[in-house]
Amino acid sequence: MADAQITLAYSRNTGVVAIATGEQYKSAESALNDAGFRRGEAGVYQLTYTDEAAVRATLAHLAERAEARGIQVTASSRRFIGDTAQDIARCLPGQWDTQVEIYSHPVWQEDLAPYLWDCGELARVVRTDRIPYAATLTDPISGTTLLLVERPGHQLSYLVGAFAPEPFGEGSNDPHAPRSITVPPFPGRAAQVITQRYLPAYDRAVHERRIAHVAEALDLIQSEWGSWNELPAAPQPGGAVRVEPPVFTTAAGEFLESAWREFLTVLDHAPALLDQCRPATSAWPQDAEVLDQLAVALLTTLQVREDLNSGVPLSRAEHRAQTRPAIETWLAHSQQFLRQARAASPRPRPTVALPQPPHRLTPGQARHR
């Protein structure tokens, strides 16, 4: 493959578009500029001419310049991927924002791998094949961001996967990751497959990973809690009342600060899980009161975090006084919460309905009409 490539495609919005890629992509961009293309949004080059003769002349000029510089020019047999993403987004329920992504230099593609949340074909393709461009579809309400790429080796189909949600950080090698799917080039059908197959699996994967994060954080706090409670307390001289020695007070403060750092993970993920719990329909309806207590404890600690992020002055004593009871509540009822969360299911998203094809008339009906 040449060190510089130009891929031409047709966009219904802007006409002929071009994408420059390869290790020497700057040379391809220079050739596009010299031929009369202008760089547009997301680094996509486009022609400003509307006259067909001018367009043909520009493309001929581009071919000459590219050949002289050893640049490979290819006309894509597919629609411009930005148009494809927009058409699919319009058919998905809700409002989805689309964006073209160009990985001109091969190294840029490597940035996808850590954050791509996938255990299927898309993750493998990103690691082993050249993906010069893609498109994202983002639902700003749920924070879901899908990645759409042309499926290598196939003329028509596409691959759809997702990035890890923002609170999760990197998503590679995650056992909870959903599996990417193949979608056809028809927007309505592609949206139907995404809505009925992929998004439910994605939402379930998010749910399970949230549970894993909360369980891990609470287990870690609980293990440290046990060690902290085993610290000895010294008797007060001349009396039977026991007081905390300085070492105990210092250890308690360090423990609570460490517990708070871990509890931030609970604050990130537990509210969404609590919202999905339905104790009345579970095998443990008596957990409803416990979940209410956990929700109240969350509200207190969420306010503390908001105050800290806003720069509100809060002494260590005040911080501990407000967070310790909430953390203790979550430790005391962690098992009830986790069993309710594991029994719960994510709320289904709205579905998409494809328009029905017109009813076919029988030969007799057609003659009658």
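Student: Over which residues does pLDDT stay under 50?

Tutor: Over residues 232-248. There the model has 16 contacts beyond four places in sequence. Contact means heavy atoms within 4.5 Å. pLDDT is the predictor's confidence in each residue, from 0 to 100. Residues 365-369 also stay under 50, with three such contacts beyond four places in sequence. Where pLDDT is low, the predicted coordinates should not be read in detail.

Student: What is the average pLDDT of the protein chain?

Tutor: The average is 87, and 87% of the residues score at least 70. This is a predicted model: local features need pLDDT of at least 70, side-chain atom pairs count only at 80 or more, and totals for chains, interfaces and linings use all residues. Residues are numbered from 1 along each chain as its sequence is written, and side-chain values use heavy atoms, without hydrogens and water.

Student: How do you know at what angle H9 and H10 cross?

Tutor: Axes are lines fitted to C-alpha atoms, for helices over the stretch in contact, and angles run from 0 to 180 degrees between N-to-C directions. Helices are DSSP runs (H or I, at least four residues), and strands are too (E, at least two), numbered from the N terminus. For H9 (residues 288-309) and H10 (residues 316-332), the axes cross at roughly 145° and come within 9 Å.

Student: Why is a crossing called left-handed or right-handed?

Tutor: A crossing is left-handed if the near helix is turned anticlockwise from the far one by less than a right angle, and right-handed if clockwise. H9 and H10 cross left-handed. Among the residues in contact are Leu-294 and Val-304 of H9, and Ala-326 and Trp-330 of H10.

Student: What makes the residues of that contact nonpolar, polar or charged?

Tutor: Ala, Val, Leu, Ile, Met, Phe, Trp, Tyr, Cys and Pro count as nonpolar; Asp, Glu, Lys and Arg as charged; the others, Gly among them, as polar. The contact of H9 with H10 has seven nonpolar, seven polar and no charged residues.

Student: Which way do H1 and H2 cross, left-handed or right-handed?

Tutor: Right-handed. H1 (residues 25-35) and H2 (residues 52-69) pack at about 145°, axes 9 Å apart. Their contact has four nonpolar, four polar and three charged residues.

Student: What angle do H10 and H11 make?

Tutor: About 65°, with the axes of H10 and H11 (residues 334-343) 5 Å apart. Trp-330, Leu-331 and Ala-332 in H10 meet Ser-334, Gln-336 and Phe-337 in H11. That contact divides into four nonpolar, two polar and no charged residues.
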